[in-house]
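Please examine the sequence and the model shown here before turning to the notes.

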Amino acid sequence: MPNIDSIIRELDNTSGDIGEARRLVADLIHHNLLAVRDSLGSWEKMHLANAIAALGWNVNNTQQPASTAWLRLSVVDAEKALVSPDKRDESYTPRNSQLDALTYEQLLEELDGLRSRHPDLLSTTKD
């Protein structure tokens, strides 16, 4: 399982090359997506979709090397996806039918697509 502290340390210590940090963030998203596969609700969908999007914004930034801001947002959202139901406030925004229609397979496809377009995001470890 990816370690949040090691990812944050990697983000704090990057010196222009953020490839390893990106790979760790992609692994975290993948791990957390697998963790909620059988309990994927609106909360998890929203945060994992945001984590994937933020990772994409970082790797697709026209100014490279990109800052770590989007990667940090990606880590925050990936973490929030696993917040236990008793610690959530799911009523802060109305439900969204587009989000409700999003599936595990679609989220995994987006992450896998991002990884295939950016091979530096491919995991070097097994889950």
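The structure is a predicted model. The protein chain has 6 helices and 0 strands, and from the N terminus on its elements run α-α-α-α-α-α. Of its 127 residues, 41% count as buried.

**Overall make-up**

- Contacts in the protein chain with a separation of 6 or more come, to the extent of 78%, from residues 24 or more positions apart.
- The helices discussed below include α1, residues 4-12, and α2, residues 19-35.
- Helix α3 covers residues 42-59, while α4 spans 69-80 and α5 spans 97-101.
- Helix α6 comprises 104-117.

**Helices α1 and α2**

- The axes of α1 and α2 come within 9 Å and cross at roughly 155 degrees.
- An angle over 145 degrees counts as roughly antiparallel, and α1 and α2 are therefore roughly antiparallel to each other.
- The crossing of this pair, α1 and α2, is left-handed.
- On the α1 side, the contact is made by Ile4, Ile7, Glu10 and Leu11; on the α2 side, by Glu20, Ala21, Leu24, Val25 and Leu28.
- The residues of the contact of α1 with α2 divide into 7 nonpolar, no polar and 2 charged.

**Helices α3 and α4**

- The axes of α3 and α4 come within 8 Å, with a crossing angle of roughly 165 degrees.
- Helices α3 and α4 are therefore roughly antiparallel to each other.
- Their crossing, that of α3 and α4, is left-handed.
- Helix α3 contributes Trp43, His47, Asn50, Ala51, Ala54, Leu55, Trp57 and Asn58 to the contact, and α4 contributes Trp70, Leu71, Leu73, Ser74, Asp77, Ala78 and Lys80.
- This contact of α3 with α4 contains 9 nonpolar, 4 polar and 2 charged residues.

**Helices α2 and α4**

- The axes of α2 and α4 come within 10 Å and cross at roughly 20 degrees.
- That angle makes α2 roughly parallel to α4, because angles under 35 degrees count as roughly parallel.
- The crossing of α2 and α4 is left-handed.
- In α2, the residues Ala21, Arg22, Val25, Leu28, Ile29 and Asn32 meet Leu71, Ser74, Val75, Ala78 and Glu79 of α4.
- The residues of the contact of α2 with α4 divide into 7 nonpolar, 2 polar and 2 charged.

**Salt bridges**

- Side chains of opposite charge can pair when their charged atoms come close.
- A search of the whole structure finds 5 salt bridges; among them are the pairs Arg22 with Asp120, Asp27 with Arg115 and Glu44 with Arg88.
- In the pair of Arg22 and Asp120, the closest N and O atoms are 3.8 Å apart.
- This pair links distant parts of the chain, with Arg22 in helix α2 and Asp120 in the segment after α6, 98 residues apart.
- Arg22 has a relative accessible area of 9% and is buried, whereas Asp120 has a relative accessible area of 30% and is partly exposed.
- Asp27 and Arg115 meet through their side chains in a salt bridge of 2.5 Å, N to O.
- Asp27 belongs to helix α2 and Arg115 to helix α6, so that distant parts of the chain, 88 residues apart, are linked.
- Asp27 is buried, with a relative accessible area of 10%, and Arg115 is likewise buried, with a relative accessible area of 8%.
- In the salt bridge of Glu44 with Arg88, the closest N and O atoms lie 2.6 Å apart.
- Glu44 is in helix α3 and Arg88 is in the loop between α4 and α5, so this pair ties together parts that are 44 residues apart in sequence.
- Both Glu44 and Arg88 are buried.

**Residue Gln106**

- Gln106 is found in helix α6.
- With a relative accessibility of 38%, Gln106 counts as partly exposed, because the buried class requires under 20% and the exposed class over 50%.
- Gln106 and Ala49 are 57 residues apart in sequence, and their C-alpha atoms are 9.6 Å apart in space.

Conventions
Residues are numbered from 1 along each chain as its sequence is written. This is a predicted model: local features need pLDDT of at least 70, side-chain atom pairs count only at pLDDT 80 or more; totals for chains, interfaces and linings use all residues. Side-chain values use heavy atoms; hydrogens and water are left out. Axes are lines fitted to C-alpha atoms, for helices over the stretch in contact, and angles run from 0 to 180 degrees between N-to-C directions. Helices (H or I, at least four residues) and strands (E, at least two) are DSSP runs, numbered from the N terminus. Angles under 35 degrees count as roughly parallel, over 145 as roughly antiparallel, 65 to 115 as roughly perpendicular and the rest as oblique. A crossing is left-handed if the near helix is turned anticlockwise from the far one by less than a right angle, and right-handed if clockwise. Contact means heavy atoms within 4.5 Å. Ala, Val, Leu, Ile, Met, Phe, Trp, Tyr, Cys and Pro count as nonpolar, Asp, Glu, Lys and Arg as charged, and the others, Gly among them, as polar. A salt bridge is a side-chain nitrogen of Lys or Arg within 4 Å of a carboxyl oxygen of Asp or Glu. Buried means under 20% relative accessible area, exposed over 50%, partly exposed in between (1.4 Å probe, protein chains only).
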